[in-house]
Number of protein chains: 2
Amino acid sequence: MVGQKWVRLVTAQTPTNIAVIKYWGKRDETLILPVNDSISVTLDPNHLCTTTTVAVSPAFDRDRMWLNGKEISLVGGRYQNCLREIRKRATDVEDKEKGIKIAKNDWENLHVHIASHNNFPTAAGLASSAAGFACLVFALAKLMNVREDEGKLSSIARQGSGSACRSLYGGFVKWIMGNNEDGSDSLAVQLADEKHWDDLVILIAVVSSRQKETSSTSGMRESVETSLLLKHRAQEIVPKRVVQMEEAIKNKDFPSFASLTCADSNQFHAICLDTSPPIFYMNDTSHKIISIVEKWNRAEGTPQVAYTFDAGPNAVLIAHDRKAASELLKRLLFYFPPGAGTDLNSYVIGDKSILQDAGVHDMKDVESLSPPPELNDGISNQKYPGDVTYFICTRPGHGPVVLCDESKALLDPETGLPK
Amino acid sequence: MVGQKWVRLVTAQTPTNIAVIKYWGKRDETLILPVNDSISVTLDPNHLCTTTTVAVSPAFDRDRMWLNGKEISLVGGRYQNCLREIRKRATDVEDKEKGIKIAKNDWENLHVHIASHNNFPTAAGLASSAAGFACLVFALAKLMNVREDEGKLSSIARQGSGSACRSLYGGFVKWIMGNNEDGSDSLAVQLADEKHWDDLVILIAVVSSRQKETSSTSGMRESVETSLLLKHRAQEIVPKRVVQMEEAIKNKDFPSFASLTCADSNQFHAICLDTSPPIFYMNDTSHKIISIVEKWNRAEGTPQVAYTFDAGPNAVLIAHDRKAASELLKRLLFYFPPGAGTDLNSYVIGDKSILQDAGVHDMKDVESLSPPPELNDGISNQKYPGDVTYFICTRPGHGPVVLCDESKALLDPETGLPK
């Protein structure tokens with residue numbers, strides 16, 4: 001087979017996800033085994049996803065990877081774990097059209113090229129590693145004809161980045177922490193697909209930050225080592241919340257879903273604050289957004305919007321329906337208009353039709369927004385242009401897919417190098 | 001006695017205090033009984049104190065009170081509780097010089113005038129109610145010749161404002177939560193007087209805030225009702241920390257004192273965040289100050305400064321000694337220079353000699369401060385003029401005292417009305 005010139009490619013697209021019951025703390029750092037179950041919503045890959053092309057060729061002399069066009073090292077344990085676990089499970093591949101035949105045993109001598117691209121800024125703190133590792137594992141599994149189900153693949157993706165295991169499915173997903181020491185039962189299952197509750201609208205506020213942030217890997221290690229509250233959360237609080245959240249999702253019970261989501265986000269950040277030294281992911285803008293949502297929910301008598309924040313200041317806001325989402329957008333645009341030099345078209349991205357729903361067509365409409373009645377007390381009406389970088393409007397979405405259209409591939413089908 | 005014209009006055013001065021093991025949560029709202037013990041440092045009344053004059057006269061037709069020159073209502077339960085408890089314990093008073101004689105039984109028919117004044121801005125979130133109720137109870141007890149010890153008085157002051165009980169002593173004070181349902185054993189004791197550990201220097205950063213804050217009374221009620229972490233903190237964590245903190249104070253063990261102080265402040269704010277709706281007392285400036293202190297402590301290998309934050313964004317920074325305090329002030333002035341139009345003289349108040357120790361004599365010296373070496377990474381060197389309103393330099397101080405100098409009285413000795 002060596003000396004042959006063929007290149008076999010697979011391109012896949014995988015969504016990112018946002019946890020509504022948070023993962024924070026590992027019981028095993030190498031295998032990435034969590035201290036509690038977590039639950040997430042998969043976000044529509046049309047707005048937030050990773051695309052990865054993997055290639056194999058007898059001409060490749062080593063494994064290589066390019067992330068967003070730049071070659072990166074594969075030396076880290078996380079990539080190696082994923083590659084090793086997938087290679088172990090490779091089976092015979094035959095592509096009659098191209099005349100390619102790879103036997104199960106050939107895979108240990110073949111090298112791969114990987115190119116990965118996010119359709120959103122990597123630095124924005126939008127769970128790029130979750131979508132990235134899920135996509136890597138999914139694409140490699142397709143390339144190598146791995147016959148495991150998504151659950152098994154999720155447990156491999158987990159070894160790249162914990163939350164990646166939840167990106168193997170669309171809709172609503174639970175990462176079961178598992179009990180086995182080898183991590184074999186720590187995997188994701190789908191609770192419901194994205195069609196189950198398709199009223200939900202998700203608005204992400206990408207918040208400008210002046211602080212350097214603690215990585216979630218080192219942050220959760222420090223929390224496990226120093227927070228006296230973390231163990232109590234993981235052992236006593238989260239198990240009950242997971243049951244309640246599953247029930248809320250099953251019944252599309254938005255008030256319960258919202259109150260659990262908000263409470264669990266706040267408790268995760270409470271654990272960060274209880275860490276030594278303390279970790280602050282939310283900033284004054286995050287706090288202001290929470291305050292806007294809390295006051296509005298209270299004024300309406302029943303929750304319209306849930307908020308949740310990951311390891312950064314960005315707000316992920318889950319609205320009950322499009323009406324609530326457009327009301328929310330009007331409130332947010334009132335307090336956080338675009339900064340100087342930013343136009344509305346680049347300020348609200350993703351599903352831009354939400355602007356029409358909100359009746360906001362241009363900057364004049366933004367300027368003439370009225371202060372939300374529940375907050376119209378003079379003090380709260382200060383505006384903070386520039387404190388939000390942009391908004392993304394999206395919804396719950398589907399799981400990983402293979403892209404058959406070769407024009408979508410990130411690697412050249414002849415050379416196996418980035419296009 | 002009615003128809004007589006005499007006025008009897010007592011003027012007292014009482015310090016404020018800062019908790020290093022925090023009080024957050026009541027088990028009884030009316031008696032103000034806490035869910036855990038707390039420990040505080042009394043601050044030097046020369047820099048932060050309440051002065052209260054109480055007066056009695058047969059000519060007064062009702063109880064009245066003036067706070068910072070403005071008459072306020074005494075109808076609230078908190079004032080009534082303190083007045084009732086002190087009146088109950090009043091004894092015979094004889095002032096031969098003025099020819100005044102009040103029998104124990106007369107007190108129930110006599111009214112009092114109260115005037116109280118803080119030597120620091122009430123709105124600045126510097127525990128004005130603690131000093132205020134302590135001073136009210138202490139002054140009334142002197143006026144009415146109450147023969148109870150400070151412990152008993154502290155349990156009366158507690159019924160005005162929980163943390164007030166800790167302002168009945170100087171130095172280091174513990175509020176024992178007690179077990180009795182009637183609150184009789186929920187009182188303060190002195191752990192050590194202010195001379196025990198007189199190296200400590202305290203620097204308070206009064207932080208500008210753009211948010212309306214939740215009062216500590218309603219905040220702690222909401223935490224007790226909604227935080228799933230509070231009970232665990234109160235029952236499992238604080239009891240151990242109190243023992244460790246007493247040991248650290250006894251041994252003047254600054255590293256332990258600092259690490260317990262910081263951890264407990266952070267945990268209190270974690271509980272606030274775990275409350276529904278979440279309570280944010282610290283803001284981005286508070287976070288920045290914590291980050292400056294944490295990085296410096298880490299760079300030095302052993303803590304130089306402890307930080308603690310109450311129900312607001314102000315930082316209370318406790319430095320190991322004057323050298324550490326002056327190093328700290330240089331760091332803080334580097335990042336937080338006075339805003340436009342603020343001069344150094346009104347920017348660092350209290351014990352201004354710390355400026356000499358820091359070698360900072362004028363604004364030119366502030367401008368030429370070097371970035372702290374441990375933070376000199378380019379990113380951290382942004383300055384935030386105006387984010388701190390002013391600094392107060394102080395130290396641990398003594399407990400309540402009676403001011404014999406009649407010129408210090410806030411009420412006119414003839415009329416019993418504010419001067």
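This is a predicted model: local features need pLDDT of at least 70, side-chain atom pairs count only at pLDDT 80 or more; totals for chains, interfaces and linings use all residues.
**Exercise 1. Work out how chain A is related to chain B.**

Step 1: Chain A goes onto chain B with a turn of 180° and a shift of 0.0 Å along the axis, and the RMSD is 0.0 Å.

Step 2: Look along chain A for the C-alpha nearest the axis. That atom belongs to A:Ala270, 2.1 Å from the axis.

Step 3: Check the contact surface. Of the interface residues of chain A, 100% are also interface residues in chain B, so the copies meet through the same surface.

**Exercise 2. Check whether the span of helix α2 of chain B agrees with its number of residues.**

Step 1: Find the helix. It covers residues 128–143 of chain B, which is 16 residues.

Step 2: Get the expected span. The rule is 1.5 Å times one less than the number of residues, and for this helix that should give 22 Å.

Step 3: Compare. The end C-alpha atoms of α2(B) are 22 Å apart, which agrees.

Step 4: Look around the helix. α2(B) is mostly covered, with 14 of its 16 residues buried. After the helix comes B:Asn145, with a positive phi near 55°.

**Exercise 3. Classify the aromatic pair of A:Trp197 and A:Phe254.**

Step 1: Start with what you need. A pair of aromatic rings is described by the distance of the centres and the angle of the planes.

Step 2: Read off the two values. The centres are 6.3 Å apart and the planes make an angle of 85°.

Step 3: Apply the cut-off. Planes over 60 degrees apart count as edge-to-face, and that is the class of this pair.

Step 4: See what the pair connects. A:Trp197 is in the loop between β13 and β14 of chain A, while A:Phe254 is in helix α6, so the pair ties together parts 57 residues apart in sequence. Both residues are buried. They also belong to one aromatic cluster with A:Phe172 and A:Phe257.

How values were computed:
Residues are numbered from 1 along each chain as its sequence is written. Chains are lettered from A and ligands numbered from 1 in the order in which they are written. Side-chain values use heavy atoms; hydrogens and water are left out. Copies are superposed by least squares on the C-alpha atoms of residues with pLDDT of at least 70 in both. Contact means heavy atoms within 4.5 Å. Helices (H or I, at least four residues) and strands (E, at least two) are DSSP runs, numbered from the N terminus. Buried means under 20% relative accessible area, exposed over 50%, partly exposed in between (1.4 Å probe, protein chains only). Rings of Phe, Tyr and Trp (its six-membered ring) pair if their centres lie within 6.5 Å; planes under 30 degrees apart count as stacked, over 60 as edge-to-face and the rest as tilted.
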